[in-house]
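Subject: Handing over a structure with its ligand

Dear colleague,

I am passing on the structure below, together with some notes on the ligand and the space around it. Please read them with the structure open beside you.

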Amino acid sequence: MNSLLVYYSRTGKTKKVGNLISEKISCDVEEIFDTKKRSGILGFIKSGRDAMRKKLTILKEIDKNPDLYDLVIIGTPIWASNMSTPIRTYISEHKDKFKNVAFFCTEGSKGGVKCFKNMEKLCNKKPMATLEINKKDIKKEIYLDKIKDFVEEIKS
Ligand SMILES: Cc1cc2nc3c(=O)[nH]c(=O)nc-3n(C[C@H](O)[C@H](O)[C@H](O)COP(=O)(O)O)c2cc1C
């Protein structure tokens with residue numbers, strides 16, 4: 001199955017998990033960039049507000065056409081118990097091109113379950129697999145086992 005892994009990462013955690021997944025499956029990778037500044041405390045506040053209001057943003061131009069892939073793996077940080085605004089925008093703009101989807105997220109402590117439900121609804125597709133990684137998982141290195149299980153589910 002030819003796969004595309006797409007992620008947004010504000011502070012690097014989702015990027016780290018995305019890179020580990022892409023090392024285990026041969027896939028193309030697309031990092032999404034927002035045109036809106038989201039760094040610092042002001043960026044944090046704006047991001048939380050945007051996520052709560054389910055707002056969209058303007059993304060920088062993407063490189064890969066999701067239409068060309070059997071599976072699109074989408075990764076997001078949890079913002080206010082939901083998907084990040086850049087990922088909401090990406091899905092809204094490209095969902096009609098997705099054949100199959102899988103989701104992963106990183107979070108402080110919780111929100112993944114609700115986020116995945118919302119992503120499924122927005123994509124109008126049941127994910128082949130989901131992966132939720134929180135701060136504790138990373139500290140205890142449990143996340144490596146979780147990534148392994150997620151990759152096996154996708155491959156099976
Ligand atoms: C605006 C904002 C809202 C957040 N809301 C939540 C939340 O509801 N639940 C949670 O567990 N973590 C929350 N977090 C923490 C991030 O999900 C977590 O740090 C994530 O791993 C960051 O990923 P990144 O480094 O790829 O940006 C929030 C972070 C931001 C910036």
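To begin with the largest pocket, α2 supplies the largest share of its lining, namely four residues. Please keep in mind throughout that this is a predicted model. Besides α2, the elements α1, β3 and β5 each give at least two residues to the lining of this pocket. The lining comprises 21 residues in total, and those nearest the centre of the pocket are Phe44, Pro77, Ile78, Trp79 and Gly108. Sorted by class, the lining residues are six nonpolar, 10 polar and five charged, and the volume of the pocket comes to about 510 Å³.

The ligand has 19 residues around it, and the ones that come nearest are Ser9, Thr11, Thr14, Ile78 and Ser109. As for the elements involved, at least two residues of the shell come from each of α1 (13-24), α2 (40-52), β3 (71-79) and β5 (100-107). By class, this shell holds five nonpolar, 10 polar and four charged residues.

Which residues place polar atoms by oxygen atoms of the ligand? For threonine 106 the atom belongs to the side chain, and this polar atom lies 2.7 Å from a ligand oxygen. For serine 81 a polar backbone atom is involved, at 2.8 Å from an oxygen atom of the ligand, and for glycine 12 a polar backbone atom is likewise involved, with a distance of 3.0 Å to a ligand oxygen. Taken on its own, the ligand has 650 Å² of accessible area, of which the protein covers 84%.

With best regards

Definitions and conventions: Residues numbered from 1 in each chain as written. Predicted model: local features only at pLDDT ≥ 70, side-chain atom pairs only at ≥ 80, totals over all residues. Heavy atoms only, no water. Near = heavy atom within 4 Å. Polar contact = N/O pair within 3.5 Å; in protein donor to acceptor, adjacent residues only side chain to side chain. Areas by Shrake-Rupley, 256 points an atom, 1.4 Å probe, with all protein chains shown as cover. Nonpolar A, V, L, I, M, F, W, Y, C, P; charged D, E, K, R; others polar. 1 Å grid on protein atoms, 1.4 Å probe; cavity = no way out; pocket = protein on both sides within 12 Å on 5 of 7 lines; lining within 4 Å. Points joined across faces, edges and corners; volume = space filled by probe spheres on them.
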